[in-house]
Amino acid sequence: MSIRLGYMLAWLALPLWARPPTMAHAFTYAQQLVQLEQANRAFEQALLSPTPQEAQGYYQQAMAGYEQLVAAGIHNAKLYYNLGNTYFRLNDLGHAILHYRRGLRLEPGNRQLQANLRYARSRRLDQVDISGQPQHAFLPQLFFWSDALSVPTQWTLALAGYCLAWGCAFARLVRRRAALLWGLAGAAFFCLIFASSTWLTQSQYTIRPAGVIVAGEVVVRKGNGESYTPQLPQPLHAGTEFVVLEARGSWLAIQLDNGTSGWIRRDSAALL
């Protein structure tokens with residue numbers, strides 16, 4: 001065995017650090033279908049209701065049904081799409097944007113989610129101006145597919161490259177062809193690239209998690225307590241998005257897209 005091949009096999013023996021998310025469903029499949037059908041029916045009845053008051057009641061039923069499915073551990077883009085639409089109909093922009101973004105995390109290329117998120121963002125009170133902010137575009141350009149592929153999809157591609165590399169390695173032991181060595185190198189590089197982008201995406205979710213204001217309005221303060229003076233002249237409103245810089249007890253240090261930072265109460269926001 002050549003030294004080069006030995007190094008490649010040694011690298012391939014290292015476990016992939018990216019892992020697909022696991023889900024534990026509390027409902028049986030039949031129960032999931034019944035719950036989903038009831039929630040969908042309530043949403044449809046809301047659309048046909050003759051009065052806004054009656055429609056609100058049906059939307060509340062639909063929202064409760066969808067939320068129970070999420071609480072049971074069921075996570076998919078379609079469910080978050082329905083939940084976001086229900087919250088939007090209830091005039092809750094904060095939770096609508098939250099669930100649209102959760103759906104896009106699972107299915108980044110979903111055009112319905114993208115369109116509804118854009119529209120919901122256009123309806124919120126706070127429009128953060130980021131025109132003067134520097135754009136750190138190196139990593140997005142390097143891993144240009146990370147905004148179009150979900151983490152499980154990237155992980156699956158990395159695993160496919162991993163398996164292909166091992167296949168080429170074993171074939172190389174039997175048939176001493178240069179093409180197999182090149183195939184091994186290419187598959188290993190493919191695996192490394194997608195494993196790296198998966199790790200980067202997951203790191204963004206954990207190191208600086210994103211969130212959305214879900215309270216009607218919240219005062220951003222200069223420290224983690226009500227005694228601190230406001231950081232901004234006006235409160236933030238439902239639907240404003242941010243990333244978390246730090247968490248202390250019941251307070252979060254957040255940063256907006258324009259670079260503004262401050263502290264808000266944890267219960268006034270929800271994280272993706």
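This report describes the confidence, the charged pairs, the aromatic pairs and one surface patch of a predicted model.

The model is predicted, and local features need a pLDDT of at least 70, side-chain atom pairs count only at pLDDT 80 or more, and totals for chains, interfaces and linings use all residues. Residues are numbered from 1 along each chain as its sequence is written, and side-chain values use heavy atoms, with hydrogens and water left out.

**Confidence**

The term pLDDT denotes the predictor's confidence in each residue, on a scale from 0 to 100. The protein chain has an average pLDDT of 83, and 80% of the residues score at least 70. Over residues 1–24, however, the pLDDT is below 50. Beyond near neighbours in sequence, this stretch has 44 contacts in the model, a contact being heavy atoms within 4.5 Å.

**Salt bridges**

Side chains of opposite charge can pair when their charged atoms come close. A salt bridge is defined here as a side-chain nitrogen of Lys or Arg within 4 Å of a carboxyl oxygen of Asp or Glu. By this rule, the model has eight salt bridges. The table lists some of them.

| Salt bridge | N to O distance |
|---|---|
| Arg41 and Glu37 | 3.0 Å |
| Glu241 and Arg121 | 2.8 Å |
| Asp267 and Arg265 | 3.7 Å |

For the accessibility of these residues, buried means under 20% relative accessible area, exposed means over 50%, and partly exposed lies in between (1.4 Å probe, protein chains only). Helices (H or I, at least four residues) and strands (E, at least two) are DSSP runs, numbered from the N terminus.

Arg41 and Glu37 both belong to helix α2 (residues 29–48); because they are four residues apart there, about one helical turn separates them. Arg41 is partly exposed because its relative accessibility is 39%, and Glu37 is likewise partly exposed, at 47%.

The side chains of Glu241 and Arg121 also meet in a salt bridge. This pair links distant parts of the chain, with Glu241 in strand β4 (residues 241–248) and Arg121 in helix α6 (residues 111–123), 120 residues apart. Glu241 counts as buried because its relative accessibility is 7%, whereas Arg121, at 28%, is partly exposed.

In the salt bridge of Asp267 with Arg265, Asp267 is exposed at 60% relative accessibility, while Arg265 is partly exposed at 30%. Elsewhere, salt bridges that share partners join Arg101, Arg121, Arg124 and Glu241 into one network.

**Aromatic pairs**

Rings of Phe, Tyr and Trp (its six-membered ring) pair if their centres lie within 6.5 Å; planes under 30 degrees apart count as stacked, over 60 as edge-to-face and the rest as tilted. A search of the whole structure finds three aromatic pairs. In one of them, the ring centres of Phe43 and Tyr59 are 5.4 Å apart and the planes stand at 65 degrees, so the pair is edge-to-face. Phe43 lies in helix α2 and Tyr59 in helix α3 (residues 52–71), so the pair ties together parts that are 16 residues apart in sequence. Phe43 is buried, at 15% relative accessible area, and Tyr59 is buried as well, at 5%.

**Contacts of Asn116**

Asn116 is found in helix α6 and is partly exposed, at 21% relative accessibility. Leaving aside neighbours within four places in sequence, Asn116 is in contact with Tyr81, Asn85 and Tyr100. Asn116 and Tyr81 are 35 residues apart in sequence and 8.6 Å apart in space, C-alpha to C-alpha.
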